[in-house]
Amino acid sequence: MEHVHGSYDGSLVIFSYIIAVLASFTALDLAGRVSSGNKSTRQGWLLFGACAMGMGIWSMHFVGMLAFSLPITVEYDLVVVLVSVLAAIAGSYGALYIVSRNRLNVSRLLIGGALLATGVSIMHYAGMAAMLIEITYKPGIFLLSILIAAVASIAALWLAFYFRFGGLKHGIWKKLGSGLIMGAAISGMHYTGMAAANFHIGEKAAFFYGVVLQDGWLAYLIIGGTLLTLGLSLFSIYVSKQLAGKDMELFQNEKWYRSLYENNQDGIFSVDVNYRIISCNSAALEIVGLEHSQVYRQKVDQLIHIIVPEQRADMLEKFRQAFKGETITGEATIERPDGSKVSVSYTNAPVIFYEQVVGTYVIFKDITTEKQAEAKVKHLAFHDELTGLPNRRLFNQSIQDAIEESRSCGQPFAVMVLDIDRFKMINDSLGHTYGDFFLKEVSKRISECTANKNIMLARMGGDEFTLLYLGFKQELEVTSFVENVIERIQVPYRLKDNDFYVSASIGIAIFPEHGDDAEQLLKNADTAMYEVKKKGKNGFAFFSSQLDEQLAAKIELESDLRKAIERGELMLHYQPQIRANDLAMVGVEALVRWKHPEKGMLSPGLFIPIAEETGLIYDIGTWVLREACSQMKRWHDEGGPLIPVSVNLSSQQFHQPLLVEYIINILNETGLPAEYLDLEITESMMMDAEVSASILRQLHERGIKISLDDFGTGYSSLSYLKMFPIHKLKIDRSFIRDITQNQNDKAIVATIISMAQNLNMEVIAEGIETKDQLDILTDRDCGNIQGYYFSKPLSATDVEEAFFVPGRASAVKQA
């Protein structure tokens with residue numbers, strides 16, 4: 001066969017390259033449209049893009065073939081030409097499908113490149129085969145053209161994927177540059193393939209007889225088809241650009257929505273009109289404790305079991321309301337498969353499309369922690385934080401409820417106020433930690449007494465408890481109950497390695513006899529309780545009208561006491577302390593009196609308990625200490641005798657943080673030397689041995705003497721006597737009163753005197769009223785005596801005239 005050579009038309013070669021560039025640019029832009037489209041539009045863009053890209057590559061190929069002219073006329077097999085078009089379109093479809101994915105890894109890039117290279121190669125060599133002329137190929141250049149097609153396809157895919165979105169900076173220019181590169185690669189493949197071809201003169205039959213195309217008409221067909229295809233492509237690009245902003249906004253909105261949906265900490269169920277859950281987020285699954293497969297496509301009534309039974313009917317009704325277009329909010333409790341319960345707040349919001357409800361969103365949030373905190377706050381609002389018992393608010397509310405019930409059924413009830421005797425001693429001496437422990441133990445014991453009874457126990461504050469006794473038939477049941485409570489409270493409490501004994505005072509008021517509202521019942525029960533304390537504590541009493549009168553008098557007395565210091569109504573009396581062997585005065589004890597403007601002279605027993613309850617005892621104690629020191633200093637300055645003054649120190653004074661400085665400041669103000677001050681303290685003040693020892697040691701080091709008052713009546717350990725710098729023991733009057741008849745009292749007094757002497761302590765007995773009492777004490781070597789037998793407490797003037805003036809006159813005569 002005779003070999004023929006052809007030549008190229010330069011203008012058509014350039015035109016073919018331009019077609020390749022435009023096809024590449026169109027493909028790059030359409031790749032973005034395919035990627036950003038939704039499911040309904042993506043397939044359309046994919047087909048259209050494949051046609052545009054395939055037709056563009058095919059047009060470039062056949063324009064390039066028209067640029068090549070042979071010395072003979074060549075006809076074309078139309079069917080094969082169309083096959084080459086389909087091959088180009090199929091390869092383009094595969095390429096666009098690949099770049100429309102969200103990810104493009106190496107393996108996917110290579111597979112897509114192979115598909116596109118195959119389509120382009122088939123298109124090229126099928127188009128060559130459509131020429132009705134014998135053609136042979138140079139193997140090396142043929143393989144090179146295939147390699148160029150593969151490399152060009154891979155490069156085209158990568159560029160198309162990278163530039164698929166037009167939002168990149170300078171995106172249009174980057175796409176155009178990439179189009180120039182891709183156009184050069186596609187043209188290079190074509191012209192390399194043409195260089196591999198050898199043309200021979202000889203006829204070649206068409207595959208389908210009579211379906212041939214003259215090369216002149218082919219030129220017109222190719223140019224027309226190319227211009228039409230590119231025109232439609234550019235027009236579609238223009239139209240798509242107009243919609244691109246809106247589509248991209250919709251696409252971004254969908255991504256924002258999906259991110260918000262999936263990453264929302266609130267659970268979300270999407271429910272369609274068939275009450276079927278069509279989607280849910282991970283937070284929803286975590287809250288309900290179910291897997292996705294257990295929720296997805298399930299109907300609401302199939303999942304209603306996760307709601308606690310008592311709320312299920314209401315929840316289904318809320319769904320029905322939501323599907324009527326209402327936005328429903330509420331709270332519910334979910335029971336997980338593991339048995340745990342979760343409290344949620346929810347919003348059931350309808351989804352409305354064209355004025356029709358097409359579904360609902362159930363948005364719910366785990367509020368278990370908030371509910372628990374709310375319950376705790378509510379509990380604390382109505383319960384005592386220390387003991388967990390109902391507090392004043394809940395108790396008063398319960399009384400009101402009991403009143404309403406009692407009025408309807410005629411059943412009486414009792415209100416009781418209970419106060420712990422000697423609690424202040426424990427709290428002041430051991431501290432609040434032990435005080436709190438003690439109160440919890442007391443509340444536990446009282447609670448045990450209320451078992452199997454319709455009784456409510458509450459703590460009102462401090463050591464005050466209240467009880468509401470319902471359902472008793474006679475008052476004897478109330479009496480039996482309070483006696484049991486008092487007995488249980490008296491059992492010793494082990495605190496800080498010591499046994500502590502306390503008692504209880506209980507006041508009782510009966511509805512409606514003693515009051516018709518909560519305030520009056522509590523007030524009257526409180527009055528009855530204070531009457532018990534007044535009569536010695538450790539007991540109970542029912543309210544009476546007489547107690548009401550006494551309470552009014554007490555309130556009046558308290559009001560007057562607050563003004564007594566300012567008005568100068570307080571005064572001191574002094575009771576001499578006598579040495580038994582020579583009847584010489586060895587000291588005086590300062591005792592406070594209140595000269596009331598209307599009631600006259602009042603003894604400490606009437607107003608000191610009120611002062612202790614109200615906190616006035618500190619101010620009164622300070623006034624007593626300063627006045628006693630001032631008076632003794634004046635007596636010393638006026639000629640003596642040089643004896644000490646004994647002053648009782650209250651518990652509040654003893655436990656103040658700067659007691660030593662407080663005492664020294666008063667001594668400095670009054671000028672009285674420290675050795676002439678004798679402070680009397682009680683055993684109850686020394687419960688905390690470590691703290692008490694430090695305070696007493698500092699006072700002793702400054703020369704102040706310490707006397708232990710009312711010795712033998714407290715519950716302190718005798719080891720305190722050797723631990724503390726005690727100067728003097730004072731035998732309580734309770735052991736002296738019956739000493740002439742009671743052998744036990746004689747033995748106790750003798751033991752105290754002997755013990756004091758062995759410990760090198762002074763001892764003084766108070767409350768001596770008869771000669772017989774004095775003789776018994778002197779026979780047992782009691783050194784010092786105090787009592788009415790020698791002198792009652794006297795005013796400063798009377799003491800001076802009765803004891804000091806005669807002593808001074810005698811001293812002058814002897815001089």
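The model is predicted, so to speak of local features a pLDDT of at least 70 is needed, side-chain atom pairs count only at pLDDT 80 or more, and totals for chains, interfaces and linings use all residues. Residues are numbered from 1 along each chain as its sequence is written, and side-chain values use heavy atoms, with hydrogens and water left out.

**Helices that pack together**

- Two packed helices are described by the angle between their axes and the distance between the axes.
- Helix α13 (residues 392–409) and helix α17 (residues 518–534) pack at about 110°, and their axes are 9 Å apart. That angle makes α13 roughly perpendicular to α17 (the term covers 65 to 115 degrees).
- Here, axes are lines fitted to C-alpha atoms, for helices over the stretch in contact, and angles run from 0 to 180 degrees between N-to-C directions. Helices (H or I, at least four residues) and strands (E, at least two) are DSSP runs, numbered from the N terminus.
- The crossing of α13 and α17 is right-handed (the near helix is turned clockwise from the far one by less than a right angle).
- On the α13 side, the contact (heavy atoms within 4.5 Å) is made by F395, N396, I399 and I403, and on the α17 side by A518, L521 and L522.
- Sorted by class, the contact of α13 with α17 has six nonpolar residues, one polar and no charged ones. Ala, Val, Leu, Ile, Met, Phe, Trp, Tyr, Cys and Pro count as nonpolar, Asp, Glu, Lys and Arg as charged, and the others, Gly among them, as polar.
- Another pair is α15 and helix α16 (residues 475–489), whose axes come within 9 Å and cross at roughly 145°. The crossing of α15 and α16 is right-handed too.
- In this pair, R445, I446, E448 and C449 of α15 meet F481, N484, V485, R488 and I489 of α16. The residues of this contact divide into five nonpolar, one polar and three charged.

**Nonpolar cores**

- In soluble globular proteins, nonpolar side chains tend to be buried together.
- The largest nonpolar core in this model has 80 residues, and V645, I663 and L677 have the most contacts inside it. A nonpolar core is a set of buried Ala, Val, Leu, Ile, Met, Phe, Trp, Tyr and Cys residues joined through side-chain atoms within 4.5 Å. Buried means under 20% relative accessible area, exposed over 50%, and partly exposed in between (1.4 Å probe, protein chains only).
- Leaving aside neighbours within four places in sequence, V645 is in contact with residues including Y574, V588, A628, M632 and L677.
- A second, separate core has 46 residues, including I19, V63, M65 and V85.

**Buried residues and a buried helix**

- L457 sits in strand β14 (residues 455–461) and is buried, with a relative accessible area of 7%.
- L457 and L389 are 68 residues apart in sequence, yet 6.8 Å apart in space from C-alpha to C-alpha. Not counting residues up to four places away in sequence, L457 touches L389, P390, S443, I446, S447, F465, T466 and L467.
- Y261 belongs to helix α7 (residues 215–263) and is buried, with a relative accessible area of 2%.
- Helix α14 (residues 423–430) has six of its eight residues buried, so it is largely enclosed by the rest of the structure. The buried residues are F423, M425, I426, N427, S429 and L430.
- What covers the buried residues of α14 includes β13 (413–421), α15 (432–449), β16 (493–495) and β17 (498–500).

**Backbone spots to look for**

- Just after α14, G431 takes a positive phi of about 100°.
- K496 has a positive phi of about 50° although it is not a glycine. This residue lies in the loop between β16 and β17 and is partly exposed, at 34% relative accessibility.
- N538 is not a glycine either, and has a positive phi of about 55°. Its place is the loop between α17 and β19 (539–542).
- The peptide bond from F511 to P512 is cis, with omega near 0°, and P512 is in the loop between β18 (503–511) and α17.
- The peptide bond from G640 to P641 is also cis, with omega near 10°, and P641 is in the loop between α20 and β23 (645–648).

Methods
Parallel < 35°, antiparallel > 145°, perpendicular 65-115°, else oblique.
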